[in-house]
Amino acid sequence: EAPKFDPKVAQSMFQPVQTSYQVPGCDLDDLCMEYCDLNKDQQSAAALVMSSENYALIQGLPGTGKTSSIAFVVRLLLARGKRVLIT
């Protein structure tokens, strides 16, 4: 099945949410500042993952920032109370 996306979700990815736990290093205010330091492609990848309704795939050539992008997105998802599976 092809991935499904809701672009409206990416627009609110830094809006505060109520979660039952706090994960160190996953503060939305800090992540919002870090988002500004990502390059345009990394920001697009983060927005794509955040708007995904079922799954997202990040691909790229070596040295393009995939690992940094994935680490950022995982922390953002955790800050928003989501569960993450990386394979």
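Visitor: Which residues form one aromatic cluster?

Guide: Phe14, Tyr35 and Phe72 form that cluster. The model is predicted: local features need pLDDT of at least 70 and side-chain atom pairs count only at pLDDT 80 or more, whereas totals for chains, interfaces and linings use all residues. Residues are numbered from 1 along each chain as its sequence is written, and side-chain values use heavy atoms, with hydrogens and water left out.

Rings of Phe, Tyr and Trp (its six-membered ring) pair if their centres lie within 6.5 Å; planes under 30 degrees apart count as stacked, over 60 as edge-to-face and the rest as tilted. By this rule there are two aromatic pairs. In one, the ring centres of Phe14 and Tyr35 are 5.3 Å apart with planes at 65 degrees, so the pair is edge-to-face. Tyr35 has 18% relative accessibility and therefore counts as buried (under 20% relative accessible area; exposed is over 50%, partly exposed in between; 1.4 Å probe, protein chains only). Tyr35 also pairs with Phe72: the centres are 6.2 Å apart and the planes at 35 degrees, so this pair is tilted. Phe72, like Tyr35, is buried.

As for the cysteines, a disulfide is a pair of cysteine sulfur atoms within 2.5 Å, and the count is zero. Cys32 is in no disulfide, the nearest cysteine sulfur being that of Cys36, 5.6 Å away. Cys32 counts as partly exposed because its relative accessibility is 32%, while Cys36, at 56%, counts as exposed.
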